[in-house]
Amino acid sequence: MAGRVAGKVALITGGGGGIGAATGRLFVEEGAAVALADRDGAAVEQAAAEIRADHPASQVLALQADLTDLAEARRVVAATIERFGRLHILAAIAGVRVYGPLVDATPESWAYILGVNVLATAYSCQAAIPALRAAGGGSIVIMSSVYGLAGRAGMSQYDTTKAALLGLTRALAVEEAPHGIRVNAILPGPTITPFHIKRMAERGVSEAELRATGASHTLFNRFAEPREVAQPILFLASDEASYITGIELVVDGGARIK
Ligand SMILES: NC(=O)c1ccc[n+]([C@@H]2O[C@H](COP(=O)([O-])OP(=O)(O)OC[C@H]3O[C@@H](n4cnc5c(N)ncnc54)[C@H](O)[C@@H]3O)[C@@H](O)[C@H]2O)c1
């Protein structure tokens, strides 16, 4: 199959979510075999089924797993290799939000968001690295956020975790370069995913209203579509980025400079 990641095997965490599912779809369209892993079993099965329905020849595996458990991360990597034989790419996209100022944070809210955003990402990398090394090298793309660089009110715990992932990216890029593994971070701005649409619907805001009023702090005055984030993930994951490691690729519609 032709494509920018033809012949590659990719593991995408958070594959049942908005950006993760869009990334899985794009990778399949570009020739990869894809394992989608997510804590939400129904969501990840649905994402895989939708990709298969549109691309009957695709190789897609859906795996339910809570990646805050290192043993689960290792099980997911093992299942991917059992099915597809190798692993070349990890896109570590799983993440959660905690809303509210730091002054209201609790030990439980810290444990929750650090557990998923930092530890599950680190565990996914830890579990994948031996397989990437065994494949002769590979690419890890870590999901940060433009708010890992820029401060804002009301999301301090989330933004702390996304900044921590930039440290993880740099450290892993240095550690794994001798093994042929590139490690880069992707830093999206506001991206319209089912998570945000559902959250705003619960507050009585329709998707159309969200789209109309949201993201005015970008230069384009609109949200990114999930596929607009998946495209630069694909680039970093592919051999087109063979000389790129340790970078922070901002995909924010100019939000940071507005
Ligand atoms: N949407 C945005 O505006 C935006 C902007 C910047 C960064 N991001 C980041 O992109 C990623 C995806 O965002 P999204 O909008 O698609 O959100 P989403 O909630 O749709 O996707 C996140 C997925 O991660 C999964 N997940 C959560 N905890 C997990 C765990 N312990 N183990 C395995 N899977 C787990 C969830 O079930 C969900 O399917 C997140 O890391 C988010 O922080 C999103």
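A polar contact is a pair of N or O atoms within 3.5 Å, and within protein one of the two must be able to donate a hydrogen and the other to accept it, while residues adjacent in sequence count only if both atoms are side-chain atoms. The model is a predicted one, in which local features need pLDDT of at least 70 and side-chain atom pairs count only at pLDDT 80 or more, whereas totals for chains, interfaces and linings use all residues. Residues are numbered from 1 along each chain as its sequence is written, and side-chain values use heavy atoms, with hydrogens and water left out.

An N or O atom in the side chain of Thr193 lies 2.7 Å from an oxygen atom of the ligand, and a polar side-chain atom of Tyr158 is 2.5 Å from a ligand oxygen atom. For Thr191, a polar backbone atom is 2.8 Å from an oxygen atom of the ligand.

Thr191 sits in the loop between strand 6 (181-188) and helix 6 (194-201), where helices (H or I, at least four residues) and strands (E, at least two) are DSSP runs numbered from the N terminus. A polar atom of the Thr191 side chain lies 2.9 Å from the backbone oxygen of Gly189. Thr191 counts as buried because its relative accessibility is 5%, buried meaning under 20% relative accessible area with a 1.4 Å probe and protein chains only.

Note on methods. Buried < 20%, exposed > 50% of the residue type's maximum accessible area, 1.4 Å probe, protein only.
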